[in-house]
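Thanks for coming, everyone. Please bring the sequence and the structure up on your screens.

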Amino acid sequence: MLTMRKLSPQRLWLLACYAAAAAALFSAPLYLSDFRLNLLAKFLAFAIVALGLDLIWGYTGILSLGHGIFFGLGAYAMAMYLKLEASGGKLPDFMGWSGLSELPIFWKPFESFGFAVLMGILIPAALALFLGYFTFRNRIRGVYFTILTQALVIITTTLLVGQQAYTGGTNGVTGFSKILGEPIASPDTKRMLYWVTAAVLVAVFILCRYVVKSRFGKVLRAIRDGENRVRFIGYNPAVYQMVVFTMSAAIAGIAGMLFVLHVGIISPSMMGIVPSIEMVLWVAIGGRGTLIGAALGAVLMNWAKSEFSTTYPQGWTYFLGGVFILVVVFLPNGVAGLAAKLKFRKKKEERSEPEHERVEYSAM
């Protein structure tokens, strides 16, 4: 009976849709130009950070306007490796311009690709754990937590801009040419990086779906809907909030590392308040609390942004703003919410029986 329930038509249809989406995703290099493929790869990196943000906002009720920091820290970790790889053992150019004569000691471990990947995950996670420990334990939530995350953005970006000799300042870190000895601008390398990004997106989606469907995910939703009730029945919401916030930051760090591989630059402006707010908009427009909606929202909104700016370079912001307004007014639950609404309406129609049929049945 359990097997039959798992293989219900609805579940099979859902699995078929996922399989079709995955097939289209991994076959994209066959029908997209190199430029479009690189754009899509960047959008997929954004979809990864949107998944992590949906975990804490859509399922736990924690609104963070500082996720650009975790995204940027992961990007900087990978950028440090790429810059050292491109420098070929020499001092990075921006350090020489700033008066440094030797490589700073904290840069040296980033000569290793593995160390850079590890730090791209651990540094954002450690910062989130540190912030979450002092905020969630003291029951700081709601708008106060949101303000704290924005303050973190301002502090971090100011620090990065001020330490130009070590971080590149406002210009950031760029000028990458190789990754693991291979030319990063090569079409073959770009395709491989795209497939890696797509695979990571699928893996993160599966992980997040497993989390939200587990007992841990049920507690997260209970915290979102009534934190005091969860505390009353014996759970410690602070522990769950810290864990999911740390997990979300680590996912954002992974997305940042992939982003810098496709874009070729990371600067403080890419991790400020505006990018952090845009991440929240992706989740809201796609549909918070749905995972697939968050990923779709990131891809669709960035695709719309790219298309509008190309077609209407003078007024593309008006078109994009119009899309935001239409979604907020007519689709308050996001794009994914529209599918759920149609599904609910169909079930309602199937359950409702026409009047003449009821008369016939009663006569029989």
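His67 touches Val49, Leu53, Ile56, Phe245, Ser248, Ala249, Ala252, Ser276 and Met279, leaving out residues up to four places away in sequence. Contact here means heavy atoms within 4.5 Å. His67 sits in helix H5, residues 67-87. Helices (H or I, at least four residues) and strands (E, at least two) are DSSP runs, numbered from the N terminus. Is His67 buried or exposed? His67 counts as buried, because its relative accessibility is 0%. The cut-offs: buried is under 20% relative accessible area, exposed is over 50%, partly exposed is in between, with a 1.4 Å probe and protein chains only. The His67 side chain also makes a polar contact with the side chain of Ser64, at 3.2 Å. A polar contact is a pair of N or O atoms within 3.5 Å; within protein, one must be able to donate a hydrogen and the other to accept it, and residues adjacent in sequence count only if both atoms are side-chain atoms.

A word on what we are looking at. This is a predicted model, where local features need pLDDT of at least 70, side-chain atom pairs count only at pLDDT 80 or more, and totals for chains, interfaces and linings use all residues. Residues are numbered from 1 along each chain as its sequence is written, and side-chain values use heavy atoms, with hydrogens and water left out.

So, confidence. pLDDT is the predictor's confidence in each residue, from 0 to 100. The protein averages 86, and 90% of the residues score at least 70. Which elements have the lowest and highest mean pLDDT? Helix H17, residues 355-363, has the lowest, at 44. Helix H12, residues 237-263, has the highest, at 95. Over residues 355-364 the pLDDT is below 50, and this stretch has two contacts in the model beyond near neighbours in sequence.

Now helix packing. Two packed helices are described by the angle between their axes and the distance between the axes. Axes are lines fitted to C-alpha atoms, for helices over the stretch in contact, and angles run from 0 to 180 degrees between N-to-C directions.

Take H4, residues 34-57, and H14, residues 292-311. Their axes come within 7 Å and cross at roughly 140°. H4 and H14 are therefore oblique to each other. For the terms: under 35 degrees is roughly parallel, over 145 roughly antiparallel, 65 to 115 roughly perpendicular, and the rest oblique. The H4 and H14 crossing is right-handed. A crossing is left-handed if the near helix is turned anticlockwise from the far one by less than a right angle, and right-handed if clockwise. On the H4 side, the residues that meet H14 include Phe43, Ala47 and Leu51. On the H14 side, Ala298 and Trp303 are among them.

Next pair: H11 and H12. They pack at about 140°, with axes 10 Å apart. H11 and H12 are therefore oblique to each other. Their crossing is left-handed. In H11, the residues meeting H12 include Phe216, Ile223 and Val230. In H12, the partners include Pro237 and Tyr240.

Stay with Val230. It lies in H11, residues 215-232. Val230 counts as buried, at 4% relative accessibility. Beyond four places in sequence, Val230 touches Ala222, Ile223, Tyr235 and Pro237.

Now the loop between H13 and H14. Thr290 is in that loop. Thr290 is partly exposed, at 28% relative accessibility. Leaving aside neighbours within four places, Thr290 is in contact with Asp54, Tyr59 and Ala336. A polar atom of the Thr290 side chain lies 3.1 Å from the backbone nitrogen of Gly293. Leu291 is in the loop between H13 and H14 too. Leu291 is buried, at 2%.

One backbone detail. Most residues other than glycine have a negative phi. Leu291 has a positive phi, near 65°. Leu180 has a positive phi as well, about 55°. Leu180 lies in the loop between strands E2 (178-179) and E3 (182-183). Leu180 counts as exposed, at 55% relative accessibility.

Last stop: Ser267. Where is Ser267? Ser267 lies in the loop between strand E4 (265-266) and helix H13 (273-286). Ser267 is buried, at 4%. Its side chain makes a polar contact with the side chain of Ser269, at 2.9 Å. Further along the chain, Ser267 touches Tyr76, Thr170, Asn171 and Gly172, not counting residues up to four places away.
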